Each structure stands twice: as C-alpha cells, then as structure tokens.
Amino acid sequence: MAFENFQLSRVDVGEATLRVRHGGSGPPLLLLHGYPETHMMWGKIADDLAKDFTVVAPDLRGYGESSKPAANDGHESYSKRAMARDAVALMEHFGFARFDLAGHDRGGRVGYRLALDYPQAVRKLSILDIIPTAEVWKRADKRFALAYWHWSFLAQPAPFPETLIAHDPDAFLFGGMLRGGKSPFADDAYADYRKATADPAVIHAMCEDYRAGASYDVAADEADRGKTKIAAPVQVLWGARAALAAWYDVLEVWREWAHDVQGYAIDSGHFIPEERPAETLAALRRFFLS
C-alpha cells in the first residue's frame, strides 16, 4: 500500500481546499505531482522518503480531489503562481516556513515559480523532466508540435477541448499520452487518476492549467528573465528516453534561471518516479540530505 503510514486530510489554504497526505519525521519535504495525475504518483517512494523527511504530498488545485476554483480572465486562478500560493499556505498549515521541494512535470513548474516568488521558503529544489515554461514556448518547433501536441490543444478556448476529452477521458489522457505503451503506474495510483479525470470539473481545471501555461505563466517567466534567478540549489532530473534529452541541453537552459544547478538524466521516460522509483529515491535523498 502506498502512503501506508500517512495521514489523509483536506486543508483549506484560503483560495482552495487541497487533498493532502503527510507523514514521516525530519526536515519538511513538499512533493508536487504532474499532469494528468494526482499526489499518488509519489506512492512508490513516499514511504521511503518519510524515513528521512516529513513528507507533504497534495493534489494541486483543480486536480484529483482538491477543489476547483472558478476560472477567471487571464487564467490566473490556474497559474503556477496561484498554485505556489496554495503550496506555501499548505506548508505553513503544517508549521513549515522553509522546506525542500520536489516537483514533477506541472509540479516542477509550480516548484520553480514558488522558488522565484518566495525565495525565503525553499531550501532546495528538485525539478523533474521540465524546462521553464517560457523556454518551452520559445523553442517550440515541429518536434514539439508532434510530441507535445496536448500543450496547444488543452490551451484552446473552452469548451472545445473539454467537450472532446469528455467523450473518452481514458483514451485521451492515458491512451494518447502513452501512445499504446505499457503503463508505469501502480494499480492504486492509476485508479486514482482515472477516477479524478472522469470528473468534468477536473478536465476543465486541467485545461485551465494549460491555458495559464500558454499565457499568464509565460508572462510571469518573461518578467523574471534576466532579472531574477532561483536562489536555492536546484537539482534537475530528466528522462534519458524522453523528449528533454533529445531536444535540449537541459542544464544549460536551467543555468539561465538558477545560480546553482546540478543534475543528470535517468534511464526513463517522462514519468520518472513511477518508471524508476529506486533511482529517483536515491537521487532525491543524495540531493536533499547533502
């Protein structure tokens, strides 16, 4: 059982109510999940991390069983800045003003925005399989359009993508994403993802997340470009068999955004903690405990 010794609760963080599991002891570590998942993506490593850390793992606003704030003009309510506010308030709820953070995919985007907006809050930051949002759009090309087509599709005005996805969420979110490949997801995690994404409100929230990614989040990044860098030490991990390894010099990109960057590729696809849990656990422990 994942999260066997964790407590499950719902925490009101002001603008949203988050479903969250927390457990363990030691220094605080916040784990943020990606699309189209929930906090259950950390299930293969959370119990081991809890031997060294007090682990806090929420569903991001709009995802899983967390609440779905109303969309607003400019999509700020699903921006990474808004999700970062949630995360800071969540950690304050548990008594932590400063903490380590690991984020995969969309969670990594929340993580680096949090580190930029709240530099005093983040001791160390681990980012899994992304480059900054503004850099993604700046470098978009044919390869991106074919492989990461969902970025443009989900960002289309409502209700176009929501209507199409709702006809068969499994086929779109998991069949299309995995291209018919074998799922790396644990059974309990996959069941949680499917239950969540059967909810039209979750589908709408995920689209709003990507609409924010194509608008508000890019503007926030560009406002910081060349002016503000992440102060905390940053670890970047990426899948050696995923897009980042083929498209970018990942560390070179991140060194434009942070003062202290280290990292390497793991023999994995995009879903690193689920495909290679032992290697992910070892990388996170080395970084956060050093």
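Me: Which residues have the most contacts inside the largest nonpolar core, and how many residues does that core have?

Reply: In this predicted model, the largest nonpolar core has 94 residues, and Ile230 and Trp254 are those with the most contacts inside it. Leaving aside neighbours within four places in sequence, Ile230 is in contact with Tyr112, Ala115, Leu116, Leu125, Trp254, Trp257, Ala258 and His259.

Me: Why are helix 2 and helix 3 called roughly perpendicular to each other?

Reply: Helix 2 (residues 80-93) and helix 3 (residues 106-117) pack at an angle of about 75°, with their axes 8 Å apart. Angles of 65 to 115 degrees count as roughly perpendicular, and the two helices are therefore described in that way. Their contact is made by Lys80, Arg81, Met83, Ala84, Ala87 and Val88 of helix 2 and by Arg106, Arg109, Val110, Arg113, Leu114 and Asp117 of helix 3. Sorted by class, this contact has six nonpolar, no polar and six charged residues.

Me: What makes Arg98 count as partly exposed?

Reply: Buried means under 20% relative accessible area and exposed means over 50%, with partly exposed in between; because Arg98 has 45% relative accessibility, it counts as partly exposed. Arg98 is found in the loop between helix 2 and strand 5 (99-104).

Terms used. Residues numbered from 1 in each chain as written. Predicted model: local features only at pLDDT ≥ 70, side-chain atom pairs only at ≥ 80, totals over all residues. Heavy atoms only, no water. Axes fitted to C-alpha atoms, helices over the stretch in contact; angles between N-to-C directions. Helix = DSSP H or I, 4+ residues; strand = E, 2+ residues; numbered from the N terminus. Parallel < 35°, antiparallel > 145°, perpendicular 65-115°, else oblique. Contact = heavy atoms within 4.5 Å. Nonpolar A, V, L, I, M, F, W, Y, C, P; charged D, E, K, R; others polar. Core = buried A, V, L, I, M, F, W, Y, C linked by side-chain atoms within 4.5 Å. Buried < 20%, exposed > 50% of the residue type's maximum accessible area, 1.4 Å probe, protein only.
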